[in-house]
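Please study the structure shown below, and keep it in view while reading. The paragraphs that follow are meant to be read slowly, with each named residue located in turn.

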Amino acid sequence: MKVPVHFMRKRILSFVFLTFISIISFAQSKTVTGKIVDQVSGNALADASVNVKGSSVSTTSNAQGVFSITVPSAKSVLVISYIGFGTQEIAVGAQSSFTVSLSSSATNLNEVVVIGYGTVKKRDLTGSVVSIKGDEATKVPATTAIEAIQGKVAGADISRSNGYAGQGAGIRIRGTRSIANPGSSNNVLYIIDGVQGASMSDINPNDIQSIDVLKDASSTAIYGSRGANGVIIITTKRGTSGKPRMSFNSYSGVSEVAGYGAFQDGPEYVAFKREAFRAAGTWNSAADDTKVFTAAELDAIQKGRFINWQDELLNTGRQQDYNIGVAGGSDKTKIFFSAGYFNEKGVLKLDEFKRYTTRFNIDQTINSWMKLGVNSQLAYINNDLRRDPFNQASKTPPVGAAFDSAGNFILFPNGGTQINPLADEQPGQWTRNIKTRRYTASAYIDISPIKDLTARSIVSTTQDARTEGRYFGKNTIDGGGNRSQSLVSNTQTSFISWENLLTYKKEIKNHSVTLTGVTSYLQTVTTASSAQAENQLFPSQTYNNLAGATANPFWSSSYRKENLISFSGRVNYSYLGKYLLTFTGRRDGSSKLGAGNKWAFFPAGAVAWRISDEAFMKNQHVFNELKLRASYGVSGNDVLGPYATQNSLSLIQFSYNDAGSTPAYGINQTIANDEVRWEKTATKDFGIDFAILKNRITGAIDYYDALTTDLIFPYTLPASTGVSTVNRNVGKTRNKGFEVALTTTNVSNKAFSWTSNITYARNTEKIVELPNGNVIDNDYRRSLIVGHSPTIYYDYKKIGIWQLGEEVEAAKYNALPGDIKIADISGPDGKPDGKITADDRTYIGTLRPKWTGGLNNDFRYKGFDLNIMFVARVGQWMSSDYYAKFVRNGSQNSAKITYWTPENPTNAYPRPHATRSSSYVTTLTEFENSFVKLRNITLGYTLPKTISNRFKMENLRLYVSGKNLHWFSKLKDFDPESEGIIDQPLQKLFVAGLNVTF
């Protein structure tokens with residue numbers, strides 16, 4: 001085929017023109033190098049981001065803080081940032097080499113803060129957000145990062161309730177809103193590298209770059225219903241260009257019980273039981289001991305053979321952590337890899353937690369307008385759990401021995417019926433193991449098709465497989481000498497999300513606007529199956545051969561699926577950098593709600609005024625920064641489980657006219673209600689950000705008021721309906737609070753520095769409306785009372801012990817001297833009636849503290865660093881398991897308490913009595929439980945670089961640390977944070993560790 005000449009000429013001219021343009025463009029581009037350092041210390045900052053403004057061209061600094069990047073022209077502007085540090089913009093111009101100093105001070109207004117679906121400078125924040133650097137997560141030895149930031153975020157109530165190996169801390173941000181299941185329906189949303197709902201038990205604290213806590217509705221509104229109870233965003237470390245950088249972090253140490261309530265020793269138990277029978281008229285002297293004790297018990301008492309069961313069970317625990325991380329890459333490819341191993345052996349035998357983690361993050365720049373990457377983590381957890389032996393130990397009389405003179409185990413000490421608390425520890429008797437394999441990954445692609453516009457698509461998944469096996473022999477606490485049991489269960493959870501994000505940023509003279517649009521699809525599918533049987537013929541096979549168990553087989557399976565579809569948008573506007581506006585709207589659709597109520601819209605808005613930028617503030621010398629913030633927004637919560645708004649059937653056994661039972665189906669006890677709507681929380685927040693005295697004192701003050709309406713609650717139905725409950729929208733709750741966060745630079749010079757972080761938060765939560773008034777439950781921990789918190793104790797009020805001389809008055813209440821004296825508060829007509837009935841129950845206290853606080857001090861002297869951390873929880877009440885251990889008739893052991901006798905007329909505990917019942921025991925357990933705790937002391941030393949460099953190391957730090965060391969509280973019997981639990985006490989931890997960077 002012949003090609004026309006004129007066509008060939010056009011092709012050649014076009015090629016020459018494009019080549020000429022390319023040559024010109026290449027001639028204009030240039031390579032720029034530089035070094036990024038910490039403004040205060042002068043140390044190099046590795047992993048700092050360097051971007052060409054208005055494009056996707058970027059790189060990061062290497063281990064020496066050095067970067068190299070090719071810019072399109074001399075007119076290019078470099079944007080240099082580091083999470084937790086400041087941001088700088090530098091015009092390239094004629095220069096080709098730079099030294100950039102970034103400030104790590106909390107006062108730096110250009111500090112980068114992560115918010116929902118993006119980042120902003122601290123100066124541009126309109127909401128209530130707290131940003132914490134990743135090194136705070138490793139300052140205190142902790143199982144999870146949340147435990148490590150206790151006391152460092154105002155408004156976040158963080159505590160640990162038990163000491164089982166591998167257990168992390170719980171967190172509640174700005175109080176309790178939902179009442180359906182306060183323990184779980186008020187949980188915060190965790191986001192790790194964009195993956196929602198990730199597990200905090202998996203992530204290695206050493207991998208964390210920053211933690212950002214979003215508290216107010218303006219900050220969390222972009223997540224709609226998912227962010228109703230606050231959002232915690234965790235950003236992990238990224239790769240760097242240049243020479244690879246490797247770090248190794250490790251610590252190892254021992255743990256011991258921090259404070260465990262003592263139980264009666266042998267002589268105390270003997271005296272208690274004698275008193276119980278003396279009160280009943282049976283015992284008068286040691287000659288009557290045969291009426292009180294068994295022959296075996298008497299023999300042990302006479303020979304002085306006593307045993308402290310708690311001491312026999314408790315051991316020294318151990319905790320160790322090892323982590324290696326490698327960051328490297330080129331200008332276009334950046335890779336971060338880490339591997340970690342965490343092991344904790346509890347203070348009980350058979351209680352051990354092992355976590356193996358690997359992380360692989362890769363970011364690849366394809367060209368000037370396209371970038372993609374993958375964030376992934378694999379976690380394998382191997383957890384051996386121990387059945388609680390302390391409850392059994394607290395009951396078993398402390399007389400006799402656990403083993404006979406030949407060393408043989410005694411299953412029933414003293415020939416009684418209570419099994420030996422050490423039974424589960426005997427070889428081959430008890431096994432419970434949970435293995436969890438959880439893979440979390442997200443892949444993203446960023447495209448910048450035109451200037452100022454960026455599109456990102458993110459696909460995320462979490463694949464979770466959990467296998468549990470459990471076996472107990474017949475000679476165990478559960479077996480009771482009668483039966484063995486084997487059980488196997490498998491649970492698989494698949495979470496998938498697909499989110500698309502469009503961001504447009506534009507600056508026109510004094511105006512700056514950022515538009516963000518998001519579409520989101522989330523799906524969670526959970527399947528589970530289990531099987532169990534009794535009488536395992538081959539104990540050595542434990543739960544690995546259910547076919548070898550010959551009795552009572554049982555199996556079950558389940559399937560759950562839920563979806564959430566969302567559309568959201570946000571506008572951030574700034575005028576002159578000092579007048580700031582944020583508007584957000586999100587529409588969520590939940591599969592868990594009924595037709596016609598699945599969708600809801602959640603709007604939010606915020607304004608801020610940077611007063612310190614105004615002309616009238618230029619000549620004053622007090623405020624270096626002053627910003628006012630105000631926000632209002634609505635968030636939602638669908639606290640129901642999947643299918644909760646639908647009717648379902650349950651398998652039941654049915655019999656008629658003495659005929660044998662036949663399988664049948666009946667309607668589930670919770671019936672359908674497709675009229676259930678979203679819970680909605682409308683929150684107002686007013687805040688002040690400030691810095692004074694040349695930035696020596698910086699801080700934020702917030703006041704918030706959150707009203708939650710349409711509370712979802714399982715409403716009790718009359719028994720005549722044939723069912724028990726129906727989910728309904730029933731009422732309102734309100735949370736109001738005040739928060740203060742301060743950072744002070746107390747001393748700062750070349751050799752010595754001292755900085756403090758102080759947090760204080762006061763929250764008042766209460767139910768403001770219920771449809772039919774108060775809900776009074778038989779369980780003293782579950783009543784709902786208008787005007788009080790959703791989590792309260794509603795019980796009888798103990799006002800002392802009936803004393804000698806009060807016999808006549810006590811008799812009116814069927815009581816004797818030595819019995820618990822209960823306040824006669826109200827009768828059926830609302831007035832005291834001389835009787836103690838259910839009408840006399842009253843509000844005792846709430847589980848939530850009136851205020852929480854933290855004081856964190858960091859000292860540095862040359863190569864030494866010292867951290868001292870205090871936390872406080874004040875005003876909360878508890879109902880202690882320990883104080884409930886009072887068995888009045890002396891058939892079991894009891895807590896070491898002071899009890900009433902005619903010779904010791906105390907008002908603490910009632911008189912032991914062999915025949916009178918132990919009424920109103922719960923009133924003995926309820927105490928106000930305020931405490932201040934010395935959470936951590938860490939002393940470290942960093943070798944001078946002249947020494948570490950000799951060993952080819954960039955940095956070497958050695959440290960020792962003590963955790964959970966001491967507390968100040970009215971309660972002296974146990975660690976108050978544990979509230980006196982019996983099954984697993986909290987522990988003190990002492991470790992030594994090192995941090996090495998190559």
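The text below leads through several sheets and strand pairs, then some individual residues, and finally the cavities. It should be kept in mind throughout that this is a predicted model.

To find the pairing on the model, the reader may look for Thr-33, which stands opposite Ser-97 in β7.

A second open sheet contains five strands. Their order is β10-β15-β16-β13-β14, and the pairing is again described as mixed. The edges are formed by β10 (129-133) and β14 (195-196), since each of these pairs on one side only. Further inside the order, strand β15 (residues 208-214) is joined to strand β16 (residues 231-236) by six bridges in the antiparallel sense. Here Ile-211 has Ile-234 of β16 standing opposite.

Strand β27 (residues 579-590) and strand β28 (residues 599-610) run antiparallel and are joined by eleven bridges. Thr-584 has Ala-604 in β28 as its bridge partner. Strand β28 is also joined, by seven bridges and again in an antiparallel arrangement, to strand β29 (residues 623-637). For Ala-608, the bridge partner in β29 is Arg-629.

Attention now turns to single residues in loops. Arg-174 belongs to the loop between β12 (170-173) and β13 (189-192). Its phi is near 55°, a positive value in a residue other than glycine. Is Arg-174 buried or exposed? Arg-174 has a relative accessible area of 2% and is therefore buried, the limit for that class being under 20%. Another residue with a positive phi, of about 70°, is Leu-350, which is likewise not a glycine. Leu-350 is placed in the loop between β19 (333-345) and β20 (352-367). With a relative accessible area of 36%, Leu-350 counts as partly exposed, because that class covers values between the 20% limit for buried residues and the 50% limit for exposed ones.

Several residues in strands may be considered in the same way. Gln-320 is part of strand β18, which comprises residues 317-329. Its relative accessibility is 13%, so Gln-320 counts as buried. What does the side chain of Gln-320 contact? It makes a polar contact, at 2.8 Å, with the side chain of Tyr-322.

Met-869 is located in strand β44, residues 864-874. Met-869 is buried, because its relative accessible area is 1%. Along the chain, Met-869 and Thr-143 are 726 residues apart, and their C-alpha atoms are separated by 17 Å. Thr-733, in turn, lies in strand β37, residues 732-748. It too is buried, with a relative accessible area of 1%. Thr-733 and Thr-396 are 337 residues apart in sequence, and the distance from C-alpha to C-alpha is 45 Å.

The final topic is the empty space inside the model. Rolling a probe the size of a water molecule over the atoms shows where empty space is left. How many cavities of 30 Å³ or more are there? The count comes to five. The largest cavity holds about 160 Å³ of space. Its lining consists of 15 residues, and those closest to its centre are Glu-147, Arg-160, Lys-963, Asn-964 and Gln-987. At least two lining residues come from each of the strands β47 (931-942), β48 (955-968) and β49 (987-997). Strand β49 gives the most, with three residues. Sorted by class, the lining of the largest cavity comprises eight charged, five polar and two nonpolar residues.

Key
Residues are numbered from 1 along each chain as its sequence is written. This is a predicted model: local features need pLDDT of at least 70, side-chain atom pairs count only at pLDDT 80 or more; totals for chains, interfaces and linings use all residues. Side-chain values use heavy atoms; hydrogens and water are left out. On a 1 Å grid over the protein atoms alone, a cavity is a set of points where a 1.4 Å probe fits but cannot get out, and a pocket is an open set with protein on both sides within 12 Å along at least five of seven lines; lining residues have an atom within 4 Å of a point. Grid points are joined across faces, edges and corners, and a volume is the space filled by probe spheres set on the points. Helices (H or I, at least four residues) and strands (E, at least two) are DSSP runs, numbered from the N terminus. Ala, Val, Leu, Ile, Met, Phe, Trp, Tyr, Cys and Pro count as nonpolar, Asp, Glu, Lys and Arg as charged, and the others, Gly among them, as polar. Two strands pair if DSSP finds at least two bridges between them. Buried means under 20% relative accessible area, exposed over 50%, partly exposed in between (1.4 Å probe, protein chains only). A polar contact is a pair of N or O atoms within 3.5 Å; within protein, one must be able to donate a hydrogen and the other to accept it, and residues adjacent in sequence count only if both atoms are side-chain atoms.
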